[in-house]
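Please read the report below alongside the sequence and the coordinates. It is meant for a reader who wants values together with their cut-offs.

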Amino acid sequence: MEGHSVVPARLEITVSDPMKQGEGMNAYVSYKVNTKTDLPEYEQTHFSVIRRYSDFLWLAGELQNAYPGVIIPPLPEKHVVGRLSENFYSDERREKEEKHFLAERRRSLQKFLTRIAVHGMLRDSTYFKAFLEQDPSEFSKTKERSKTTRKSKGFWQWASETSHTIQSKLGTPSDRPKTEEDEKFEQIAKYINGLEPQTAAVHKHAHGLVKRSRDMVQSLYNVGVAFTLLGQTESGSLGSALGQLGQCADKLSVVASVEADKESQFFEEPLKDYVRMLGSVKQTLETRTKKQVTYETALADLNLKKANLARISGIPGKEDKRSEAETEVNQALEKVDNAKEEFDTVTQRVFEEVDRFKREKLRDFKSIILDYVQLQIEYNQQVEKTWRDVLPTLQALNVKNQEPVESGAMTSAEAESVPAGADPPEPQQAAS
């Protein structure tokens, strides 16, 4: 981002080895966070730590407090391990669902850290550095110290506590005229508020497409079993053709399963991530609004102090009160200056961050769309090839010379006794 330091030659972060720890309500998942870097502020070039979801949540919170106006990358939603599927699914289904959940969450957590690593300001945070390299004992102390720091009372806490009193007296914090920056901010807020529901709608329908692809897996498998059993009731070329048709459908169920997984990872997941990202952008916009309220609250408080000083100045014998009122006016002036400086800083950060968000969104959406189109092309090519492979056998059927049913062929009644509708076998995962 303009105005920030150049991205380092190397700060590579991966998240791996999700592992369930504990049982029942106390269960959680730990992750291995691996770092490779040549930055001088790190003691080693290759190191790893174990972190859990609450640690990622802590990091996001600290960055939000330390860098108001910066868009903090989003985290996946909180999830209680084992709670959702514990009582409803079979062990096999529950294990499959949990595996899929952990894989998706691992990718989301890695994206969270990668976005911080390439951000010129967030990358330099001491909280980020502590998260990446401190051992469990040091990291626990760091988190405790951050709690103590947040509890300490400062100017911004004063502003929050004072705003209610000021607004109750004046109705609105101040009559500050709308500036060019205010109008620009309103346009940004309008853009984001319009973008969020449309992005959520695209994700909703993308989820529906992936669900339909997963439903197709079972349907193709069932069709394959049905044609295979039908072929076993016939003899000669018809029975062979029906059997090959069943095998073709079975192969397509495997192809469809791999396709559904890819669509989930490279199409639905990135769209879901952008719905979260827009939530983070809106949080950042809210920060600017809060700083504006704080500034206007300080202005209103200053006006009250000045009015009180003017009232006392006209009353004889109130010299002591006047001196106290003058001190209060000077203190209020200092708070106005601090609040304005913070408000201006956050405003410029928000504008820079939104510009960066738009650039990255263009790049990311281009990648999402191209990936999806390429997946469809490759999938349909595989489907066409699989159907073409069975086509010669079907075309070669000689209707006039079809052999009669042989004694060894399976009858319709015997075929009905063969179990069908079983779950399709797990496909061999393609490398992503």
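The text covers a helix, salt bridges, a cavity, a surface patch and a backbone angle.

This is a predicted model, in which local features need pLDDT of at least 70 and side-chain atom pairs count only at pLDDT 80 or more, while totals for chains, interfaces and linings use all residues. Residues are numbered from 1 along each chain as its sequence is written, and side-chain values use heavy atoms, with hydrogens and water left out.

**Helix α1**

Helices (H or I, at least four residues) and strands (E, at least two) are DSSP runs, numbered from the N terminus. Helix α1 covers residues 53-66, which is 14 residues, and its first and last C-alpha atoms are 20 Å apart. That is close to the 20 Å expected at 1.5 Å a residue, the expected span being 1.5 Å times one less than the number of residues. Buried means under 20% relative accessible area, exposed over 50%, and partly exposed in between (1.4 Å probe, protein chains only). The buried residues of α1 include Y53, D55, F56, W58 and L59.

**Salt bridges**

A salt bridge is counted when a side-chain nitrogen of Lys or Arg is within 4 Å of a carboxyl oxygen of Asp or Glu. The whole structure holds 22 of them.

| Pair | Closest N and O atoms |
|---|---|
| K143 and D55 | 2.7 Å |
| K111 and D273 | 3.9 Å |

K143 forms its salt bridge with D55. This pair links distant parts of the chain, with K143 in helix α4 (residues 136-151) and D55 in helix α1, 88 residues apart. D55 is buried at a relative accessible area of 6%, whereas K143 is partly exposed at 21%.

K111 forms a salt bridge with D273. K111 lies in helix α2 (residues 91-117) and D273 in helix α7, so the pair ties together parts that are 162 residues apart in sequence. K111 is partly exposed, with a relative accessible area of 34%, and D273 is buried at 6%.

E326 and R322 both lie in helix α8, four residues apart, about one turn of the helix. E326 is partly exposed at 34% relative accessibility, and R322 is partly exposed at 39%. Elsewhere, salt bridges that share partners join K111, R115 and D273 into one network.

**Cavity**

On a 1 Å grid over the protein atoms alone, a cavity is a set of points where a 1.4 Å probe fits but cannot get out, and lining residues have an atom within 4 Å of a point. The structure holds one cavity of 30 Å³ or more. The largest cavity has a volume of about 70 Å³, a volume being the space filled by probe spheres set on the points, which are joined across faces, edges and corners. Its lining includes Q64, Y67, P68, S280 and T287. Helix α7 (residues 236-313) gives the largest share of that lining, four residues.

**Surface patch and backbone**

I369, V373 and I377 make a nonpolar surface patch of about 250 Å². Patches are made of residues with over 30% relative accessible area and no salt bridge, nonpolar side chains (Val, Leu, Ile, Met, Phe, Trp, Tyr) being joined within 5 Å and like charges within 9 Å. Accessible areas come from the Shrake-Rupley method with a 1.4 Å probe. V373 lies in helix α8 (residues 319-395) and is partly exposed, at 41%.

D17, in strand β1 (residues 11-21), has a phi near 50°, a positive value in a residue other than glycine. Most residues other than glycine have a negative phi. D17 is partly exposed, with a relative accessible area of 46%.

Methods: 1 Å grid on protein atoms, 1.4 Å probe; cavity = no way out; pocket = protein on both sides within 12 Å on 5 of 7 lines; lining within 4 Å.
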